[in-house]
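This briefing is for reading beside the structure. Please look through the sequence and the model before going on to the points below.

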Amino acid sequence: MLFNSFPFLLLVLATLIVYYNVYLKNYQVHILIISSFVFYAYGQPYLLLLLFLSSSINAIASYKVYYSQSKKKKKFYAILGVSFNISVLSFFKYSPLFGVIVNDLNSIGGIGEFLIAIPLPVGISFYTFQGISLVVDLYRSNHQSECPLFKVPKDFKKHYINTLFFISFFPQLVAGPIVKAYQFYPQIKTKYFFDVEFEDAFKLLTLGYFFKMVIADNLKDQTFWMAYPYFESFSSLTLITLLFGYSIQIFSDFAGYSLIAIGIAKLYGYNLPQNFNYPYISRSFSEFWTRWHISLSTWLKEYLYIPLGGNRVDKTRVYVNLFIVMLLGGLWHGAAWSYMVWGGYHGGLLIAERYFMQYTSFHTIQNRLLDGIRILFVFTLVTLGWLLFKLPEFWQAVLYVKSIIFSTGVHRKDVMMMIFFYSLPIVVYYANYLMRSEEKNYLDNSLIYAVMLFLIITNSGSSGEFIYFQF
Amino acid sequence: MNLFTFNFKNVISIFLLLLGIYSLLLMIIQPKVIMFQNIQQKNYSFAQEFIYGNKAPNIIVGSSMAARMKNEFLSEDFVNLSFAGGSVLTGLQTIKKSGFIPKTIYIEENIIFRDKDQKLIDAVFYPLWWKVKKYIFVLQEKYQPLNIIISKLKGSYGKSHEEYMKEIRNEHIYKMNLMIHKKNLIMPFILDQSKLDNLKSLINYFEENGTLVFFFEMPIAKELENSAQLKRQRDIIKNNFENEWLEIPKLNKYMTEDGIHLMYKSAYTFSFTFQERAESLLEEIK
């Protein structure tokens with residue numbers, strides 16, 4: 001069910017009406033679970049079973065982690081929970097990749113086809129990561145005083161319901177933000193209509209839908225030309241513009257989705273973490289990863305990078321850790337080698353930057369012009385990396401880069417003009433961020449929101465799935 | 001009303017005002033939209049134009065190849081419902097769902113087995129919504145503000161008909177694309193039976209309702225005409241359908257810009273020949 005579809009709007013409205021009914025206030029969590037299941041089952045009803053199973057196992061494992069008496073048992077259940085989530089993710093997400101390898105080896109007939117045919121449940125990468133967060137957070141809260149605590153009710157049934165809710169909460173179920181257990185569980189309580197921050201929710205929803213429907217969906221129909229073999233016949237300038245357009249598209253698509261998710265959760269009284277913080281003004285690659293898909297990068301930092309030793313180990317080991325985390329982060333996006341290469345590419349950039357910063361003081365020089373050059377440099381290399389997202393085969397991405405350098409094809413003025421038009425609001429959005437002050441935010445006014453609403457109604461692109469749904 | 005601070009009521013008021021003014025302008029001015037932001041939107045708009053009014057008795061369905069015969073080149077008795085990047089099946093399905101029964105349908109054979117664009121069909125016939133859109137112009141894809149702006153720009157600064165007629169082919173691009181098409185068209189053609197069945201059932205539907213259905217081929221580069229894939233496809237159609245073909249002579253006088261898409265001037269002349277042949281074929285049948 002797409003966020004910009006009528007059935008979804010109906011679901012949100014119907015749920016709101018029932019949710020804030022005073023007579024049903026003790027069943028708010030149950031109501032949201034039912035809505036979440038309807039939302040999930042709408043596209044793939046049979047995969048609801050997997051979501052249900054995943055939630056149930058996580059509920060049991062986390063309960064046992066919290067209430068087991070011995071440390072040994074706690075550890076056992078924590079390992080069990082994490083292993084279950086990783087197994088589910090590996091089986092459903094990576095079996096097709098193994099299937100291709102098996103087929104290539106041609107050693108075991110039939111198994112390859114079987115593995116390739118395994119369906120990819122929507123949102124599996126997101127909800128399994130939330131499951132891991134639940135088990136690990138509870139295990140840590142018993143052992144590490146610095147870890148935020150949250151209480152697990154003694155009544156297992158209540159914990160089970162809360163876990164079903166945490167895993168399946170529909171605004172963030174299929175594409176995040178990835179919510180950590182310690183951020184979400186403390187929020188589970190009765191909500192009141194008059195406490196809802198409607199103004200904030202309205203702003204988030206308007207901006208989110210504008211990003212998705214007006215910017216991303218319209219750019220999608222231009223960046224379509226980046227597909228092989230079309231791009232071979234375009235000029236270098238057209239290819240660069242298309243790549244720039246895709247960079248804006250992927251930001252608008254995913255940031256738009258996240259804003260909508262956060263806005264809808266707000267309508268039900270829940271605060272989801274911010275997922276994007278103007279990533280394209282980053283002055284370094286490490287800064288970029290504190291601004292882009294924040295919920296994933298902090299998840300990887302908290303549950304993978306730090307357990308691997310983080311920065312507390314020797315230099316070489318830090319580099320290795322960084323590379324492993326980025327490689328796995330890349331692979332998290334999909335079962336394709338190009339995603340792994342993309343992760344490795346970002347890992348390489350982070351390592352190079354870290355190495356460079358250790359031996360020079362260049363990064364400490366504060367200067368507006370230099371900042372501009374840094375931003376442009378980071379943006380260019382990040383944008384180049386998106387080629388691995390857009391083009392399904394690695395060789396196509398290489399060919400695209402070659403075409404940028406050597407192409408003598410045609411200028412597509414129409415495509416370039418459209419990309420310019422649709423990228424402009426995003427450029428303004430970033431420029432406003434750089435120029436605004438605490439007293440003055442140039443875009444936070446009635447006229448701008450009214451124009452965005454007007455364009456959502458009159459100038460939306462053809463509806464397309466969110467890019468991150470496939471992950 | 002302070003527009004430069006946020007106030008929810010003001011947002012809604014300004015939004016309604018903008019929507020009202022824009023709707024009124026559309027009704028009064030009825031701007032001519034000659035340029036679309038992308039192919040997908042152009043296809044949506046063509047489908048909507050057809051559904052909401054432009055129903056000539058003779059309809060052409062096809063892909064981007066037949067779409068080169070612009071509606072401006074055709075007489076009022078003809079309408080071209082060919083979709084760029086689309087297929088014959090999308091066109092036929094759109095006519096069927098609109099409930100209209102034409103006198104004749106001309107089916108482009110060059111790209112006849114491409115998948116139908118179900119997304120387009122679902123979008124233009126979205127339950128209830130497609131009826132609402134008929135009366136509220138502001139909701140029609142065609143009248144998106146950016147379409148009006150770029151159409152105005154094109155009208156003022158774009159090429160004129162005469163300039164298009166004088167356009168010269170870029171030989172470098174032509175050769176490059178020709179090579180790509182050659183490479184693709186020597187691949188063996190694998191028939192998807194379901195598409196053939198779909199085509200049969202749609203043609204049967206129209207014939208049962210009295211429509212005359214013809215096939216035709218768009219002219220393409222000589223080097224591609226008899227490629228393995230096209231020959232096989234032609235055979236399949238000839239073996240499965242007894243419908244007449246609209247034979248258009250002297251195919252090689254037409255120039256394509258990339259091997260398969262006619263240049264403006266060629267499309268212009270071809271459109272006239274097409275109509276003449278179509279009319280004489282109808283006379284012959286009578």
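In this predicted model, α3(B) passes α9(B) in a left-handed crossing, meaning that the near helix is turned anticlockwise from the far one by less than a right angle (clockwise would be right-handed). Residues are numbered from 1 along each chain as its sequence is written, and chains are lettered from A and ligands numbered from 1 in the order in which they are written.

**Helix pair in chain B**

- Helix α3 covers residues 88-98 of chain B and helix α9 covers residues 193-208 of chain B; helices are DSSP runs (H or I, at least four residues), numbered from the N terminus.
- The two pack at an angle of about 35 degrees, with their axes 10 Å apart; axes are lines fitted to C-alpha atoms over the stretch in contact, and angles run from 0 to 180 degrees between N-to-C directions.
- In the contact (heavy atoms within 4.5 Å), α3(B) supplies B:V88, B:L89, B:L92, B:Q93, B:I95 and B:K96, and α9(B) supplies B:K195, B:N198, B:L199, B:L202, B:Y205 and B:F206.
- These residues divide into 8 nonpolar, 2 polar and 2 charged.

**Domains of chain A**

- The domain assignment gives domain 1 (6-194) and domain 2 (198-470) of chain A; such bounds come from an automatic or database assignment.
- The centres of domain 1 and domain 2 of chain A, taken over C-alpha atoms, are 27 Å apart.
- In chain A, 43 residues of domain 1 are in contact with 35 residues of domain 2.

**Nonpolar cores**

- A nonpolar core is a set of buried Ala, Val, Leu, Ile, Met, Phe, Trp, Tyr and Cys residues joined through side-chain atoms within 4.5 Å, where buried means under 20% relative accessible area (1.4 Å probe, protein chains only).
- The largest nonpolar core has 167 residues, and A:F251, A:Y270, A:Y280, A:W386 and A:Y400 touch the most other members.
- Helix α11 (residues 236-267) of chain A gives the most to this core, with 17 residues.
- Domain 1 and domain 2 of chain A both give residues to this core, so it lies between them.
- A second, separate core of 37 residues includes B:F50, B:I51, B:V88 and B:I95.

**Residue A:I118**

- A:I118 lies in the loop between α5 (111-116) and α6 (124-143) of chain A.
- A:I118 is buried, with a relative accessible area of 9%.
- Leaving aside neighbours within four places in sequence, A:I118 is in contact with A:F91, A:F92, A:S95 and A:P96.

Note on methods
This is a predicted model: local features need pLDDT of at least 70, side-chain atom pairs count only at pLDDT 80 or more; totals for chains, interfaces and linings use all residues. Side-chain values use heavy atoms; hydrogens and water are left out. Ala, Val, Leu, Ile, Met, Phe, Trp, Tyr, Cys and Pro count as nonpolar, Asp, Glu, Lys and Arg as charged, and the others, Gly among them, as polar. Buried means under 20% relative accessible area, exposed over 50%, partly exposed in between (1.4 Å probe, protein chains only).
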